[in-house]
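Consider the structure shown below.

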Amino acid sequence: MREPHEWDAGRIPGEVRHIPLMELTALLNNDNPRQAIAYGNEALTWYAAHPDPGKESRTLAFIAWAHMILSDYPKAIASAEKGRDLARQHDDIGGQADAINSLGVIAQRRGEALPPISLFQVGELYFVRDGHHRVSVAKSLGRSDIDAY
């Protein structure tokens, strides 16, 4: 039985098919990661023939997350790194951030420590100089502290 948000693939025309595929990859990457990966791979096949680097890098980030949920860390890392590299090639800051966040969460799930962030002080306040993505990863994992220097 299909989930209520799933669709009949045969009814979606090819020129817009990649959009619901990408969205389903995002929607299912936690609850049904295997199906998310299948939808994501179908979207990647479409992007191979019709390049859209921004959507492709987002799809790769969603696929990376689904692989991480399945504890398939090598595939998760490969997908996130491919998305990061694609985003870098096209100056897609959002795509780079998605990939870096995914890689940080994957590292944490594997038991690796995040490198310390760098802070600077103005009066009594501290601001992040380097490590904004690491702070985001720590927050997403529910951590209330992070190493800093």
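**From overall surface to helix packing**

The protein exposes about 8700 Å², and carbon and sulfur atoms supply 52% of that area. The model is a predicted one. Of its 149 residues, 38% count as buried. Along the principal axes, the C-alpha trace spans about 60 × 30 × 25 Å.

The secondary structure comprises six helices and two strands. Read along the sequence, these elements follow the pattern α-α-α-α-α-β-β-α. Among contacts in the protein with a separation of 6 or more, residues 24 or more positions apart account for 50%.

Two helix pairs can be followed in detail. Helix α2 covers residues 33–49, and its axis comes within 9 Å of that of α3, with a crossing of roughly 155 degrees. Angles over 145 degrees count as roughly antiparallel, so α2 is roughly antiparallel to α3. The crossing of these two helices is left-handed. On the α2 side, the residues that meet α3 are Pro33, Ala36, Ile37, Gly40, Asn41, Ala43, Leu44 and Tyr47. They face Lys55, Glu56, Thr59, Leu60, Ile63, Ala66, His67 and Ile69 in α3. By class, this contact has 10 nonpolar, four polar and two charged residues.

The next pair is α3 with α4. Helix α3 spans residues 53–69 and helix α4 spans residues 73–89. Their axes come within 8 Å and cross at roughly 165 degrees, and α3 and α4 are therefore roughly antiparallel to each other. The crossing of α3 and α4 is left-handed. From α3, the contact draws on Pro53, Glu56, Ser57, Leu60, Ile63, Ala64, His67 and Met68. From α4, it draws on Tyr73, Lys75, Ala76, Ser79, Ala80, Lys82, Gly83, Leu86 and Ala87. By class, the contact of α3 with α4 has 10 nonpolar, four polar and three charged residues.

Glu56 lies in helix α3 and is listed in the contact with α2 and in the contact with α4. Is Glu56 buried or exposed? Residues under 20% relative accessible area count as buried; Glu56, with a relative accessible area of 17%, is therefore buried. Leaving aside residues up to four places away in sequence, Glu56 touches Leu44, Tyr47 and Leu86. Glu56 and His18 are 38 residues apart in sequence, with a C-alpha to C-alpha distance of 9.6 Å.

Definitions and conventions
Residues are numbered from 1 along each chain as its sequence is written. This is a predicted model: local features need pLDDT of at least 70, side-chain atom pairs count only at pLDDT 80 or more; totals for chains, interfaces and linings use all residues. Side-chain values use heavy atoms; hydrogens and water are left out. Axes are lines fitted to C-alpha atoms, for helices over the stretch in contact, and angles run from 0 to 180 degrees between N-to-C directions. Helices (H or I, at least four residues) and strands (E, at least two) are DSSP runs, numbered from the N terminus. Angles under 35 degrees count as roughly parallel, over 145 as roughly antiparallel, 65 to 115 as roughly perpendicular and the rest as oblique. A crossing is left-handed if the near helix is turned anticlockwise from the far one by less than a right angle, and right-handed if clockwise. Contact means heavy atoms within 4.5 Å. Ala, Val, Leu, Ile, Met, Phe, Trp, Tyr, Cys and Pro count as nonpolar, Asp, Glu, Lys and Arg as charged, and the others, Gly among them, as polar. Buried means under 20% relative accessible area, exposed over 50%, partly exposed in between (1.4 Å probe, protein chains only). Accessible areas come from the Shrake-Rupley method with a 1.4 Å probe; for residues, only the protein chains shown count as cover.
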